[in-house]
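User: Hey, I'm new to this one. Can you walk me through it?
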Amino acid sequence: MRRRLLALVCVTASLVSACGMLPHEHQRKTVTVWLMKDSASEGFLRRFTADFERTHKDLRLDIRVQEWTGIVDKVRKALRDDSGNGPDVIEVGNTQVPLYADGGRLADLTLESMRDWGQDTWLAGLAEPGKDGNKQYGIPWYAANRVVVYRKDLFEAAGVSRPPKTREEWLTDTGRLNAGGNQGIYLAGQDWYTLSGFIWDEGGDLAQQRDYRWKGALDTPAALRGMEFYRRLQSLGRGPVDADEEHPPQAGVFAAGKVAQIVAVPGLARSIVEQNPDLRGKLGFFPVPGKTAARPGTVFTGGSDLVVPENTRDQFAATAVVGALTGARWDTELARTMNYVPNRTTLARAVAGEEGVAAMAAGAAHGRATPSTPQWADVEADNPIKGYMTRVIEGADPATEARRASARITRDLAPDV
């Protein structure tokens, strides 16, 4: 509590050198930061550390890079550790924030978010999973989402002069591309992240909270319309109906040729060109089309938030790091360095010169995340959405299968009810 009051006395993070030191303390305080592997380049981290320590004379950064494998258990253990030796700032997947906020283990950063950090400009797909009620625990850092990666040469050969702007145009163009031995689109039958966007565009959801209880919502008319569009689009290619986009990895399928489009993050293009150098210069990107040309389609927004453990040794110092990393200057540099979408809609112009990232940023403005509940991890562990998609594509009654899948989701989200 004393640390929190001290933070309120200091108006901005720039005053950390005046407020962060106790009398007669002459050594820098160390702020331990856990960041995930490949989230930021070594060069970026060196530049940020040098600048932060220059402007915060009483603080020193100890950035420790973590592996994604096993990170949930590692973070949970750190949040329970009251020895004072744990991390002060942690990068977490945006949809993981509810998992860690459960039980009161994260610091409430609502005040800083509203007063200092421009909360009203954040991407919703990063900000919403970081909230629990009216409290903000996760602070958006960077985003990545799916776009359409396409073969410019195959589009030209099929007489498609420009990327489609609407869903109906997309279906028409994909049908024209699905000829001469080419697949108009390679879309696996269980790519549920892509399906989610179509459901959200129709006004539906994967699950809904009513009277403090979460219930599966795949059986709503809106969600069923999203599934029907997915079925129609998926049929314009030869994607496996009983597998997701990683089985086999769709980059390899695309690289082998004869595929006009995939739905993927733009960074996958690097892997495609590495596997087939003949495709260098032939790949393009456009946002997933929406129902009308007025705006791109809704997409699942992945990415990372920064959180501060409740057991940090110095919450004020930790929030100074979060504020600097997620501020306009360094968030823009991170996006340019790593081809990410910045954390704010107002920063989209900073990546406008890169075709893939610009397409991603256009979609991110309408991005969403999975339901904000710790139990969503249980849904994904044995995901009933995947089996539902396969059965519908194979010809089963959509309404019947949607009711079954929704009931499973409800059980997973409320296991003790």
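User: Is the crossing of α10 and α11 left-handed or right-handed?

Analyst: α10 passes α11 in a right-handed crossing. Keep in mind that this is a predicted model.

User: Which residues make that contact?

Analyst: On the α10 side, Thr194, Leu195, Phe198 and Ile199. From α11 come Ala223, Gly226, Met227, Phe229, Tyr230 and Leu233. Sorted by type, the residues of this contact are eight nonpolar, two polar and no charged.

User: And at what angle do the axes of α10 and α11 cross?

Analyst: Roughly 130°, and the axes come within 7 Å. That angle makes α10 oblique to α11.

User: New topic: how many aromatic pairs are there?

Analyst: Searching the whole structure gives 16 aromatic pairs. One of them is Phe48 with Trp330, which is edge-to-face, with 5.5 Å centre to centre and 90° between the planes.

User: Where do Phe48 and Trp330 sit in the chain?

Analyst: Phe48 is in helix α3 and Trp330 in helix α15, 282 residues apart, so the pair links distant parts of the chain. Phe48 is buried because its relative accessible area is 1%, under the 20% cut-off. Trp330 is buried too, at 6%.

User: What about Tyr142 and Tyr340, stacked or edge-to-face?

Analyst: Stacked, because their planes are at 10°, with the ring centres 3.9 Å apart. Tyr142 is in strand β6, while Tyr340 lies in the loop between α15 and β13, 198 residues apart. Both Tyr142 and Tyr340 are buried.

Methods
Residues are numbered from 1 along each chain as its sequence is written. This is a predicted model: local features need pLDDT of at least 70, side-chain atom pairs count only at pLDDT 80 or more; totals for chains, interfaces and linings use all residues. Side-chain values use heavy atoms; hydrogens and water are left out. Axes are lines fitted to C-alpha atoms, for helices over the stretch in contact, and angles run from 0 to 180 degrees between N-to-C directions. Helices (H or I, at least four residues) and strands (E, at least two) are DSSP runs, numbered from the N terminus. Angles under 35 degrees count as roughly parallel, over 145 as roughly antiparallel, 65 to 115 as roughly perpendicular and the rest as oblique. A crossing is left-handed if the near helix is turned anticlockwise from the far one by less than a right angle, and right-handed if clockwise. Contact means heavy atoms within 4.5 Å. Ala, Val, Leu, Ile, Met, Phe, Trp, Tyr, Cys and Pro count as nonpolar, Asp, Glu, Lys and Arg as charged, and the others, Gly among them, as polar. Rings of Phe, Tyr and Trp (its six-membered ring) pair if their centres lie within 6.5 Å; planes under 30 degrees apart count as stacked, over 60 as edge-to-face and the rest as tilted. Buried means under 20% relative accessible area, exposed over 50%, partly exposed in between (1.4 Å probe, protein chains only).
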